[in-house]
Amino acid sequence: MMEYQAFTEVEVRPHRVARAIPWSETCFGCNEAIPGGLGVRAYATEDGCIAGLCTAKETHMGFPGVIHGGILSTYFDEVLWHATRLADPETVAMTVEMAVHYLRPVRPGQKLRVIALPAKIEGRHIYVDGYMLLPDDRIACTARCHYVAVRRENALNGEERQRLHHEQTEKIESIVF
């Protein structure tokens, strides 16, 4: 198991958005039109974080009235992955390991903020810590994702760069997290 410093609270404040991150029509995490898709919208902030905005869906429950932990980990994978690209825009990375600590239940209909802290790069290995905020600013869960950069000669690099991406229509100036 990966070791990382877990945290249970954060100082919540506004963060200025530097840019919206385009979404892909073939991605389960960011396209809500795909059956069951999560519809996460991600934004890079001026202080080097990524903030993902999404709403928990009733169709994603595990226990009655509680969103499935696998869906929550997918939110993390979607948002924390963007931190690898912010650290190095030429890198295409894939998840090799993820640790998620569940602190509070997430309920259907809740608007969530999934936050990726700046990535730590060690050669081809990239580590990103993050947390998920409930509407009342309490932390629902935390995560650390371990990614590995795909070698430049790997066909996935070209395929990722050729995927059709769509600009976001909603403009946001700041996100509170």
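**Pocket and residues**

A: Strand 4 gives the most to the lining of the second largest pocket, with 3 residues. This is a predicted model, where local features need pLDDT of at least 70, side-chain atom pairs count only at pLDDT 80 or more, and totals for chains, interfaces and linings use all residues. Residues are numbered from 1 along each chain as its sequence is written, and side-chain values use heavy atoms, with hydrogens and water left out.

Q: How do you define a pocket here?
A: On a 1 Å grid over the protein atoms alone, a pocket is an open set of points where a 1.4 Å probe fits, with protein on both sides within 12 Å along at least five of seven lines; lining residues have an atom within 4 Å of a point.

Q: And what volume does the second largest pocket have?
A: About 220 Å³. Volume here is the space filled by probe spheres set on the grid points, which are joined across faces, edges and corners.

Q: Which residues line the second largest pocket?
A: The lining consists of E32, L38, G39, R41, Y43, L53, C54, T55, K57, Q168, E170 and I172. Strand 3 (41-45) and strand 4 (50-55) are the elements that give two or more residues to that lining.

Q: How does the lining of the second largest pocket divide into nonpolar, polar and charged?
A: It has 5 nonpolar, 3 polar and 4 charged residues. Ala, Val, Leu, Ile, Met, Phe, Trp, Tyr, Cys and Pro count as nonpolar, Asp, Glu, Lys and Arg as charged, and the others, Gly among them, as polar.

Q: Switching topic: how many helices and strands are in the protein?
A: There are 2 helices and 11 strands, and from the N terminus the order is β-β-β-β-α-β-β-β-β-β-α-β-β. Both are DSSP runs numbered from the N terminus: helices are H or I with at least four residues, strands are E with at least two.

Q: How many disulfides does the structure hold?
A: It holds 0 disulfides, taking a disulfide as a pair of cysteine sulfur atoms within 2.5 Å.

Q: Is C54 buried or exposed?
A: C54 counts as buried at 7% relative accessibility, and C49 is buried with a relative accessible area of 7%. Buried means under 20% relative accessible area, exposed over 50%, and partly exposed in between (1.4 Å probe, protein chains only). Of the 177 residues of the protein, 46% count as buried.

Q: Where is T84 found?
A: T84 is in helix 1 (residues 69-87) and is buried, with a relative accessible area of 1%. A polar atom of its side chain lies 2.6 Å from the backbone oxygen of W81. Leaving out residues up to four places away in sequence, T84 touches A93, I126, V128 and Y147; contact means heavy atoms within 4.5 Å.

Q: What does H125 touch?
A: With that sequence limit of up to four places, H125 touches K120, H146, Y147 and V148. The H125 side chain makes a polar contact with the side chain of H146 (2.8 Å). A polar contact is a pair of N or O atoms within 3.5 Å; within protein, one must be able to donate a hydrogen and the other to accept it, and residues adjacent in sequence count only if both atoms are side-chain atoms.

Q: Where is the place of H125?
A: In strand 8 (residues 125-133). H125 is partly exposed, with a relative accessible area of 33%.
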